[in-house]
Amino acid sequence: MPEQPRGSQAPVSPQVRGEHTHGQVSLPAPRKAVQRNSVRGQILDALRAALVGGELAPGEVYSAPALGERFGVSATPVREAMQQLATEGAVEVVPNRGFRVTERSARELGELAEVRALIEVPVMLRLARTVPAARWCELRPLAEASAVAAAGGDLARYAEADRAFHGAVLALSGNQQLVQVADDLHRRSQWPLVSGPVHGRRADLVADAAEHMALLEALVAKDLGVVQTLVREHFAGSGG
């Protein structure tokens, strides 16, 4: 049976499986309570949102027990979720302490953007030649959803909307392996987080989201030159 979350508790300093929490940064309250079903999946989603939203900071170490207290569950589902994040490159295991949030250099982010461009640009150019305009128009709600998230400055919500848009575009290729590889690269490019003042981050997100709509218009018009330019600039500018 799936593990049932406990009710909210005051933060404590648990010692589980040799992990300790001394010297760790304080954790803000979760955005929403974890529901009773699919605990591990909900914890994974919550941790991803906390990473993208800046609540879990690059370079800091967080223990599964401390995070479990935050979400009102035991350390086990947190530890399992963190192991998944480790395979995605978002965190790294620190023996007997917990998990350190990955710090990515500008070079690493640039390399990810380059790889994504190498994969996605030729696919989008091929799709631009073959996919009917009506199919591109069906993706407009996804582009609009990213614009709404950007306008609100919600980094976690925008990250999901951004990946949903790109995934839907690539799904038109019919190649599920491509979609999975591209999504993994996309998710990796979202760590670490956008830094700087909130208004600055919102402006970046709004500009990034506007490129989604411009890309759809270019795809509808089968303007291959504009499609190529937009996709390359999109990756180079924000990694979105």
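What follows is a chat about why some features of this predicted model get the labels they do.

Visitor: What are the ground rules here?

Guide: The model is predicted, so local features need pLDDT of at least 70, side-chain atom pairs count only at pLDDT 80 or more, and totals for chains, interfaces and linings use all residues. Residues are numbered from 1 along each chain as its sequence is written, and side-chain values use heavy atoms, with hydrogens and water left out.

Visitor: Why does Arg 48 count as buried?

Guide: Buried means under 20% relative accessible area, exposed over 50%, partly exposed in between (1.4 Å probe, protein chains only). Arg 48 comes out at 13%, so buried it is.

Visitor: And what makes its link to Glu 88 a polar contact?

Guide: That label takes a pair of N or O atoms within 3.5 Å; within protein, one must be able to donate a hydrogen and the other to accept it, and residues adjacent in sequence count only if both atoms are side-chain atoms. The side chains of Arg 48 and Glu 88 make theirs at 2.3 Å.

Visitor: Why are helix 2 and helix 3 called roughly perpendicular?

Guide: Angles under 35 degrees count as roughly parallel, over 145 as roughly antiparallel, 65 to 115 as roughly perpendicular and the rest as oblique. Angles run from 0 to 180 degrees between N-to-C directions, with axes fitted to C-alpha atoms over the stretch in contact. These two axes cross at roughly 115° and come within 8 Å, hence roughly perpendicular.

Visitor: Which residues of helix 2 and helix 3 meet?

Guide: Going by contact (heavy atoms within 4.5 Å), Ala 64, Pro 65, Leu 67 and Gly 68 in helix 2 meet Ala 75, Val 78, Arg 79 and Met 82 in helix 3.

Key: Helices (H or I, at least four residues) and strands (E, at least two) are DSSP runs, numbered from the N terminus.
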